[in-house]
Amino acid sequence: LPNGNLIATVGGGTNTNSVAEFDPAGNYLGNFIANGAGGIAGPWDIEFRANDILISGSSSDIHRYDSNGNFLDIFAPISSFPQQIHEDVDGNILVGIFSNPETGVAVYDAAGTLQRTLTGISGNRAAFRLGNGNVITTNGSGIFELDFNTGAIIRNTVAGVSARLAELN
């Protein structure tokens, strides 16, 4: 958060279906997003944008919240376990979608309108746009590079691993 605090999605226990907030020393401050706010269930990934925060819910949908954690609306209705969210340099939002019927890497415009789904592999977890324009995605079989325009597999960069998220370091 801009104030230096950390937020974390909570998928189980007392604060299930919330986003918890911690100070820089790791002290729990309470829920940044209240349990079930906006219908969030099984929150998974967080993507900060200039004017809002997107959070994927393992049950469904990409939820949109303001910078204070207040629910705004559903950014994108997804029925089947959206996982990693990534804002591309052009403002598009990429989402790794794990389950059918929408499995793949979905590409949305900045307003949440689906542009296309890259379906080169299924069971997608990660979604990250590379500097070369292609997309890195992951599933239970490895890490894959996909063509951003067609979704075709360019290569399996790491095979035989059950990979999750991808992030620039």
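Helices (H or I, at least four residues) and strands (E, at least two) are DSSP runs, numbered from the N terminus. The model shown is predicted: local features need pLDDT of at least 70, side-chain atom pairs count only at pLDDT 80 or more, and totals for chains, interfaces and linings use all residues. Residues are numbered from 1 along each chain as its sequence is written, and side-chain values use heavy atoms, with hydrogens and water left out.

View 1. F81 is found in the loop between β7 and β8 (82-87). Its phi is positive, about 60 degrees, although F81 is not a glycine. D61 lies in the loop between β5 and β6 (62-65), and phi of D61 is near 70 degrees, again a positive value in a residue other than glycine. Most residues other than glycine have a negative phi, and most peptide bonds are trans. With a relative accessible area of 17%, D61 is buried; buried means under 20% relative accessible area, exposed over 50%, and partly exposed in between (1.4 Å probe, protein chains only).

View 2. N100 and P101 are joined by a cis peptide bond, with omega of about 15 degrees. P101 is placed in the loop between β9 and β10.

**View 3. The open sheet β1-β2-β3.** Three strands form an open sheet in the order β1-β2-β3, and their pairing is antiparallel; two strands pair if DSSP finds at least two bridges between them. β1 (6-10) and β3 (28-33) are the edge strands, each with a single partner strand, so one side of each has no neighbour in the sheet. On average, neighbouring strands of this sheet are turned by 35 degrees against each other, direction ignored; the axes are lines fitted to C-alpha atoms, for helices over the stretch in contact, and angles run from 0 to 180 degrees between N-to-C directions. Strand β2 (residues 18-22) is joined to β3 by four bridges, and the two run antiparallel. Within β3, G30 stands opposite E21.

**View 4. The hairpin of β4 and β5.** Strand β4 (residues 43-48) pairs with strand β5 (residues 53-57) in the antiparallel sense over four bridges. I55 in β5 stands opposite I46. The hairpin joins β4 to β5 through four residues.

**View 5. The largest pocket.** The lining of this pocket consists of L1, P2, N3, E21, F32, F48, R49, A50, N51, D52, I53 and S67. On a 1 Å grid over the protein atoms alone, a pocket is an open set of points where a 1.4 Å probe fits, with protein on both sides within 12 Å along at least five of seven lines, and lining residues have an atom within 4 Å of a point. The largest pocket holds about 180 Å³ of space, where grid points are joined across faces, edges and corners and the volume is the space filled by probe spheres set on the points. By class, six lining residues are nonpolar, three polar and three charged; Ala, Val, Leu, Ile, Met, Phe, Trp, Tyr, Cys and Pro count as nonpolar, Asp, Glu, Lys and Arg as charged, and the others, Gly among them, as polar.

**View 6. The largest nonpolar core.** Eleven residues make up this core: L54, I62, F75, A76, I78, I85, I93, V95, I97, A106 and Y108. A nonpolar core is a set of buried Ala, Val, Leu, Ile, Met, Phe, Trp, Tyr and Cys residues joined through side-chain atoms within 4.5 Å. At least two core residues come from each of β7 (71-76), β9 (93-97) and β10 (104-108), and β9 gives the largest share, three residues.

**View 7. The open sheet β12-β13-β14-β15.** Four strands form this open sheet, with antiparallel pairing in the order β12-β13-β14-β15. At its edges are β12 (128-129) and β15, each pairing on one side only. Two bridges join β12 to strand β13 (residues 135-139), and F128 stands opposite I136 in β13. Strands β14 (residues 142-146) and β15 (residues 153-159) run antiparallel and are joined by five bridges; L146 has I153 in β15 as its bridge partner. Six residues lie between β14 and β15 in their hairpin, and G151 in the turn has a positive phi of about 85 degrees.

View 8. I40 is in the loop between β3 and β4 and is buried, with a relative accessible area of 5%. I40 and N70 are 30 residues apart in sequence, and their C-alpha atoms are 12 Å apart in space. G120 is found in the loop between β11 (114-118) and β12 and counts as partly exposed at 29% relative accessibility.
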